[in-house]
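This report describes selected packing features of one protein chain. Please consult the sequence and the structure shown below while reading.

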Amino acid sequence: MKNIGNCPTFFILGVLILCCLSHVRSDASDHRYKDGDPVPLYANKVGPFHNPSETYRYFDLPFCSPDHVKEKKEALGEVLNGDRLVSAPYKLNFREEKDSSVVCKKKLSKDEVAFFRKAVDKDYYFQMYYDDLPIWGFIGKVYKEGKADPSEYKYFLYKHIQFDVLYNKDRVIEISAKMDPHSLVDLTEEKEVDAEFMYSVKWKETDTPFEKRMQKYSMSSSLPHHLEIHWFSIINSCVTVLLLTGFLATILMRVLKNDFIKYGQDEEAADDQEETGWKYIHGDVFRFPKYKSLFAAALGSGTQLFTLTVFIFMLALVGVFYPYNRGALFTALVVLYALTSGIAGYTATSFYCQLEGNNWVRNLLLTGCLFCGPLFLTFCFLNTVAIAYSATAALPFGTIVVIVLIWTLVTSPLLVLGGIAGKNSKAEFQAPCRTTKYPREIPPLPWYRSAIPQMAMAGFLPFSAIYIELYYIFASVWGHRIYTIYSILFIVFIILLIVTAFITAALIYFQLAAEDHEWWWRSFLCGGSTGLFIYAYCLYYYYARSDMSGFMQTSFFFGYMACICYGFFLMLGTVGFHASLLFVRHIYKSIKCE
């Protein structure tokens, strides 16, 4: 069994690395050029700087367009990322310098002037790729000159781009674009304007080897200032973990030791002595939970998402997700989610059968829809919004068909195969104590022992261990900051798992000590409550730390973050339950149960 389990792991990694690396090459696949050779330059997208999801095709703005606009064939991940590469109107042949070369002369109509002015007002930026190296720049600027009234602002469009290219022998190493602040088109008044769009190209030799040309993009997140904050975050989290672990271990060991001594003496004493505490409910503690099909499905989905996260970290740590490897992360997520669906099917059905469930087919369907269902509904709504905005985030019909085919031909069959394997595993639930025929009545408990206050307590500590790192992740996913320190992120993830496991097990002990034996769902809800805290952080980030605005960006942010936080809820809920199950089994094995 172990050998069979290991094969898919290497298969998945191999396929993914090939998948991710094979789609980021330029037209000149070896990136080597001779003097005068055309180097591929693609215009990607434009959009408001503060709304990263709201991007449009480059030629949606009335720029000079070439006679024949050539669209670059894109991989699945690139399309999911909103990339729509088309041939740019600039010609940057290898080592050919140009000075104020005219792209085109154009008379901008009133509508085009108004369109450009609106774009400049929203801080529109453009993105291009030259030999797979990213180029950015703003399309214009607003002169406010200390005036408070927006009607007095002046709007200008840049019409001259200066490309500075560094090369090493026959390879392009670096490129940057500067906008000439003196070459402007006045867009302030609503009238027709003559515009002459130009560009210049300068080449300079460098010693930087080709293999290190992407390092400059990852250095921003490795600057000493940022590294200090990251390490402060790690130390803060580690101290939290050590204090929590030490505190809980000390208390639980002392309390449990006293409990074991007490219950040992009770067994030697007279039988008429009444039992109290967690031993008193030994006949109910392993009574199977309500809604066992939903519970098993949640564990199956959580286990799949946990496996997916571990594989993503493995790919990140070996360097697959280097900066501007377009769409690699999305490709990996889609392929890995499809390939790990068998784990969800096996885990859910196996556990469902252990809980003496009968309708395993319905359980399997529930497992398949538990995470995918809300994600699909969210996608349908947000894709409709993107289509209404004519944004590049709207997926083409062909891409949707590909995703549906992956789900139909890979995800679903693997889910069913996993489910059949789980049903045939014939594993039995290992309970150290026999369950009584009738459940005991749970004594009345104070309000702070109910589910919601317990979830608040359980989610706060794991969240406090990760919240500093969360800002950098949000600034990368929902902004333009580059995040490359995956080793630190992996350490934070391990800390998150440890804190979640410990705090959930501790709360379950206190729940059992209060003679409340309905701990199954409670452990899952307490473990997953960190996902709710992350979603609450989304509200704080949106209003206090970002400048996002508009219906599309707001709906994308809160819609997709709801799906991500729901995934965290399922994953960490699974971790919390398994930690609690190990703990409960351990303490009830240590006493004699009749």
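Which strands does helix α3 lie across? The model is predicted, and in this model helix α3 (residues 110–121) lies across β7 and β8. Its direction makes an angle of about 100° with β8.

Strands β7, β8 and β11 form an open sheet in the order β7-β8-β11, and their pairing is antiparallel. The edges are β7 (140–143) and β11 (184–186), each of which pairs on one side only. From one strand to the next, the twist averages 30°.

Strand β7 and strand β8 (residues 154–158) are joined by four bridges. Tyr143 has Lys154 of β8 as its bridge partner.

## Packing of α6 against α15

Helix α6 (residues 292–317) packs against helix α15 (residues 551–589) at an angle of about 105°, and their axes are 8 Å apart. The two helices are therefore roughly perpendicular to each other. From α6, the contact residues include Phe295, Leu299, Leu305 and Phe306; from α15, they include Leu570, Met571 and Phe577. By class, this contact has eight nonpolar and six polar residues, with no charged residues.

## The buried face of α9

In helix α9 (residues 360–370), the buried residues are Asn363, Leu364, Thr367, Gly368 and Leu370. Viewed down the axis of α9, these residues fall within an arc of 165°, so they line one face of the helix. Arg362 and Leu365, on the other side of α9, are exposed.

The elements covering the buried residues of α9 include α6 and α15, together with α8 (341–354), α10 (372–389) and α11 (397–424).

Methods
Residues numbered from 1 in each chain as written. Predicted model: local features only at pLDDT ≥ 70, side-chain atom pairs only at ≥ 80, totals over all residues. Heavy atoms only, no water. Axes fitted to C-alpha atoms, helices over the stretch in contact; angles between N-to-C directions. Parallel < 35°, antiparallel > 145°, perpendicular 65-115°, else oblique. Contact = heavy atoms within 4.5 Å. Nonpolar A, V, L, I, M, F, W, Y, C, P; charged D, E, K, R; others polar. Buried < 20%, exposed > 50% of the residue type's maximum accessible area, 1.4 Å probe, protein only. Arc of directions from axis to C-beta. Pairing = 2+ DSSP bridges.
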